[in-house]
Amino acid sequence: MLPFRGTPARGALRHRPPPRPRRRRLMRRCARRPARSASPIAFLPSEPCPAMLLPCVRSVAARRLARDVPRACSCSAQGPSPRGYSRGAAGKGLVLGVYSSEKDDGAAQLTSAGDAFDRLVSGKLRALLSLCGPPLKKGKTRIFHGLHQDFPSVAVVGLGKKNAGINEQENWNEGKENIRTAVAVGCRQIQDLEIPCVEVDPCGDAQAAAEGAVLGLHEYNELKQKKKPVVTPQLHGSAESEAWQKGVIYAEGQNLARYLMEAPANYITPIKFAEHIEQKLRSFSNVKVHIRQESWITAQEMGAFLSVAKGSAEPPIFLEIHYLGSANTDDSPLVFVGKGVTFDSGGISLKPSSGMDAMRADMGGAATVCSAIVTAAALNLPLNIIGLAPLCENMPSGKANKPGDVVRAKNGKTIQVDNTDAEGRLLLADALCYAHNFNARAIVNAATLTGAMDVALGSAATGVFTNSSWLWTHLYEASILTGDRVWRMPLFEHYTKQVTDCPLADVSNIGKYSRAGGACTAAAFLKEFVTASHWAHLDIAGVMSNKDEVPYLRKGMAGRPTRTLVEFAARLSQDSHNAK
C-alpha cells in the first residue's frame with residue numbers, strides 16, 4: 001500500500017537534503033520505470049516520490065537477503081509459491097524432524113539427519129528455525145525454500161519429546177505415533193508444492209517414518225479426472241533401508257484395505273473383490289487362491305451365508321487363501337476370517353438412507369484380513385496363514401430373508417433371523433464352522449459387525465472378544481507397536497443367554513433385550529459356532545472410517561486394523577509356543 005494518495009505538491013520534497021550517490025542511482029533507475037501502485041497515480045519523473053523508491057529498495061534488499069537466507073518460510077498451511085520458485089521444479093522435497101526443546105526458550109534439537117543437513121547449509125537451517133517464531137510443536141511444520149539446490153523445499157516437522165516411548169495410559173508407543181504423524185504432515189506439504197519426490201528423515205525409527213509417509217499420502221481418487229500429484233517418498237540416507245522398506249510394506253497393506261473399502265459397491269462386487277486379491281497374490285509361488293462359487297457354497301451347506309446372499313442379484317463368493325510361509329507346510333496355520341458384505345442395505349430391515357453409502361465398506365473385515373495376508377506374503381513371514389472371506393451383498397428383494405425366518409448353519413444349528421440388518425454374523429457363523437477344518441493354531445475373525453461397538457469405543461480402538469488370554473496378549477502387544485489399538489471386551493455367559501433364549505430356533509441373531517450390549521451379544525452369537533480354544537473376534541465397526549482422529553490418515557475409510565493383524569502374525573511366527 002502507498003503511504004499517501006493523489007499527486008504530491010512540488011514543495012513537499014523541496015527542502016530535503018541532497019541525495020547521496022547510492023540514492024541518486026536508485027532514483028534514476030526508478031525514474032525510468034513506473035512505480036507499482038494500487039491506483040493510477042502520476043508522478044513527475046524529475047522528482048520521484050518516496051513511494052516510487054519502495055519497489056527498488058525492496059528489490060535490492062531481497063537480492064542481499066537471498067545471498068544469506070532462503071527466499072521464504074511458511075508455517076503449517078502452505079500458501080502460494082514464493083517468488084522465484086516454480087511448483088514442480090527439478091529436485092526433491094525433504095522432510096526433516098525436530099524434537100521439542102526441554103526448555104521453553106531452548107534451541108531446536110534436530111535429528112541426526114537434520115544436524116547433517118544443517119552442517120551442509122552452514123548452519124542456516126538452525127538459524128532460521130530460531131528466527132521463525134516459537135519452537136515447533138508436535139505435528140506442526142515449517143517450510144523453507146531455497147536452502148539447498150538439490151532440495152527446493154524443506155519441511156521441518158515437530159516430533160514432540162525426544163525420548164517418548166510407550167505410553168501406558170494411551171496403550172501405544174508415543175514416539176512411533178509422533179513420527180508417523182509428523183512425517184505424514186510434512187509429506188503432504190511437499191505434495192501441495194507438486195514436487196514429485198520427497199526424501200524423508202528416518203527420525204530414529206525408519207519403519208514408523210515410512211508408515212507415516214505412505215499412509216499420509218494415500219488418497220482414493222481413482223474415479224476423479226482431477227487428481228493430486230503422485231509423490232514418491234524415499235528414505236533420506238541409507239542407514240535404515242531395511243526398516244524403511246518394512247514400513248512401506250506395512251503401510252501399503254493398509255492402503256490396499258483402504259482402497260477396497262473406499263471403492264463404490266458397483267466397482268467392488270463379490271467377484272471383483274476376489275479377483276483383485278487374486279491379482280495381488282499372483283506373483284507369490286507359495287500362495288494359492290480359491291474363488292469358490294455358489295454351487296460350492298451350497299455343497300458345503302452354508303445355509304446362513306446363502307440366506308443373506310439370495311436377496312441380491314450379485315452371486316455370492318467364498319474366497320479362500322492359503323499362504324504357506326512355514327518351512328513345514330503341515331504346520332498348524334493361523335486362520336483369518338473376514339466378513340465380506342460388499343454392500344449392506346440392511347435387507348428387509350432397511351437402513352436409513354442417510355449414511356447408507358458408507359455401507360460399501362461393510363466388507364472391511366474381509367478387506368483387512370486379505371490385505372494382511374498380502375502383506376505377510378510380501379514380508380515372507382515364516383508361518384502358514386489361511387484366509388476365509390464370505391462375500392455377498394445384503395439387499396431387499398422378494399427372495400431376501402424376512403424377519404422371523406429360520407435358517408440352518410453349517411454346523412446344523414438353526415438361527416432365527418429377527419433382524420435382517422444383523423446379517424454379518426450369519427456369514428461369519430458358516431465361515432467359522434468351515435475354519436475348524438484346518439486344525440488352526442488360532443482363529444481370528446474381523447468384521448464391521450455392530451454399531452454398538454462404535455458407540456462403546458468410538459474410533460479409539462478395535463473391540464476384541466476372545467476366549468484365550470494367550471491370543472489377547474499377542475494382539476495387545478502388536479497393537480502397541482502399530483498404534484492401531486485394541487481393547488478387550490467381555491464374553492460373559494450373561495450375553496450368551498440373551499441369544500440362546502429363542503422361541504423358534506437354537507439361537508437368535510440379536511439379543512432378546514435388543515440394543516442392550518449389542519456388540520457383546522453379537523460376539524456371544526459367534527461363540528456358538530466356535531469350538532477352538534484360541535479364537536478372537538475383532539469388531540472393527542468403530543474404526544471403519546477416519547474423519548480426523550488419526551492424523552496420518554486422510555478422511556475416508558481407514559483400513560484398520562490391518563497393520564495390527566500383520567504385526568500379530570509376525571509375532572506369532574516368532575513365538576516358540578505352538579498353541580493348539
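The following legends describe close-up views of a predicted model.

**View 1. Strand β5 and its two neighbouring strands, β2 and β4**. Strand β5 spans residues 151-158, and eight of its eight residues are buried, so the strand is largely enclosed by the rest of the structure. Strand β2 (residues 93-99) runs parallel to β5 and is joined to it by six bridges. In this pairing, Gly93 stands opposite Ser153 of β5. Strand β4 (residues 141-148) is likewise joined to β5 by six bridges, but these two strands run antiparallel. Here Thr141 stands opposite Val157 of β5. Two residues lie between β4 and β5, and the two strands form a hairpin. In a regular strand, side chains alternate between the two faces of the sheet.

**View 2. The aromatic pair Trp296 and Tyr434**. A search of the whole structure finds nine aromatic pairs. In the pair formed by Trp296 and Tyr434, the ring centres are 5.4 Å apart and the planes meet at 85°; because an angle over 60 degrees counts as edge-to-face, the pair is assigned to that class. The pair links distant parts of the chain, since Trp296 belongs to helix α9 (residues 294-299) and Tyr434 to helix α12 (residues 424-435), with 138 residues separating the two positions. Trp296 and Tyr434 are both buried. Ring pairs also connect these two residues with Phe318 and Phe438 in a cluster.

**View 3. Charged side chains over aromatic rings**. Arg485 lies over the face of Trp172, at 4.0 Å from the ring centre. Lys413 is placed over the face of Phe529, at 5.9 Å from the centre of that ring.

**View 4. The packing of helices α6 and α7**. Helix α6 comprises residues 206-217 and helix α7 residues 241-262; the two pack at an angle of about 35°, with their axes 7 Å apart. The crossing of α6 past α7 is right-handed. On the α6 side, the residues in contact are Ala206, Gln207, Ala209, Ala210, Glu211, Ala213, Val214 and Leu215. Their partners in α7 include Ala243, Trp244, Lys246, Gly247 and Val248. Further along α7, the contacting residues include Tyr250, Ala251, Glu252, Gln254, Asn255 and Arg258.

Terms used. Residues numbered from 1 in each chain as written. Predicted model: local features only at pLDDT ≥ 70, side-chain atom pairs only at ≥ 80, totals over all residues. Heavy atoms only, no water. Buried < 20%, exposed > 50% of the residue type's maximum accessible area, 1.4 Å probe, protein only. Helix = DSSP H or I, 4+ residues; strand = E, 2+ residues; numbered from the N terminus. Pairing = 2+ DSSP bridges. Phe/Tyr/Trp six-rings, centres within 6.5 Å; stacked < 30°, edge-to-face > 60°. Lys NZ or Arg CZ within 6 Å of the ring centre and 35° of its normal. Axes fitted to C-alpha atoms, helices over the stretch in contact; angles between N-to-C directions. Left-handed = near helix turned anticlockwise from the far one by under 90°. Contact = heavy atoms within 4.5 Å.
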